[in-house]
Amino acid sequence: MPYLVAAVVVVGLLCLVDLVLTLAVIRRLRVHTLRLAELAPTGGAPMVQPGTTLGDFSATALGGESVSRAFFSGPSVVAVFSTECASCHERLPEFTSYLADNRPERVLAVVTGDPDEARRFTGELTSATVVVEPMGGPVSRALQVSRFPSFYLVDGDAVVVAADTAPGRLPAATRR
C-alpha cells in the first residue's frame with residue numbers, strides 16, 4: 001500500500017510540473033503573438049509603389065454602385081481590410097479618425113474575406129463606398145495588396161500617391 005501512495009504522489013507531482021510548464025509556454029506564446037502583431041503593420045510600402053497607375057478592375061459596392069478605376073475622379077483614400085486580420089480591427093478606428101480629420105473627396109473601403117464577418121467593418125465605414133470581396137478579389141489585385149490592412153492615397157488619374165499599413169502615415173487627403 002505505501003508503494004501505491006508514493007506512486008500516486010509522484011504522478012501527481014509530475015502532472016503539476018507539466019501544468020506549470022504548459023502555462024509558461026502559453027504565456028510566452030502570447031508575448032510573441034503581441035510582438036508579431038506590433039511588427040506586422042510597420043515597414044515600408046507593403047504593396048504597389050507610389051507613382052504606379054492602378055490597373056483596370058470592376059466590383060460592386062454594398063449599395064449596388066459599380067466601382068472601377070473611374071471611381072478615382074479626385075483625391076481618394078482606399079483602405080483594404082481583411083476579416084481574418086487582428087491588426088485590421090485595431091486600425092479601423094484610426095482610419096475613421098483619419099477620414100474625419102482629412103475629409104477626402106472619395107473613400108473606397110475594401111473588406112476581403114467572409115461576408116458575414118465583414119459586417120463588423122461595414123458598420124463603421126459609413127462615409128466610404130464599401131466593397132466586400134473574397135481574398136484576391138479584383139480590387140485587391142489592382143492594388144497588389146500583400147499585407148493587411150493596407151491604405152492608399154490615390155489621385156484623380158488613378159495614380160497611387162502614397163501607400164502604407166497605417167492610415168496616420170498617409171499624407172492629408174483634403175478636398176480641393
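Me: Is Cys 88 buried or exposed in this predicted model?
Reply: In this predicted model, the relative accessibility of Cys 88 is 0%. Buried means under 20%. Because its value is 0%, Cys 88 counts as buried.

Me: At what relative accessibility does Cys 85 count as buried?
Reply: The cut-off for buried is under 20% relative accessible area. Cys 85 counts as buried because its relative accessibility is 11%.

Me: How many disulfides does the structure hold?
Reply: A disulfide is a covalent bond between the sulfur atoms of two cysteines. To count, the two sulfur atoms must lie within 2.5 Å. The number of disulfides in the structure is zero.

Me: How many of the residues of strand 3 are buried?
Reply: Strand 3 covers residues 76-82. On one side Ser 76, Val 78, Val 80 and Ser 82 are buried, and on the other Val 77, Ala 79 and Phe 81 are buried. Both faces are therefore covered under the 20% cut-off, and the count of buried residues is seven of seven.

Me: Which residue is the bridge partner of Val 77 in strand 6?
Reply: Strand 6 (residues 150-154) pairs with strand 3 over five bridges, in the antiparallel sense. In strand 6, Val 77 has as its bridge partner Leu 153.

Terms used. Residues are numbered from 1 along each chain as its sequence is written. This is a predicted model: local features need pLDDT of at least 70, side-chain atom pairs count only at pLDDT 80 or more; totals for chains, interfaces and linings use all residues. Side-chain values use heavy atoms; hydrogens and water are left out. Buried means under 20% relative accessible area, exposed over 50%, partly exposed in between (1.4 Å probe, protein chains only). Helices (H or I, at least four residues) and strands (E, at least two) are DSSP runs, numbered from the N terminus. Two strands pair if DSSP finds at least two bridges between them.
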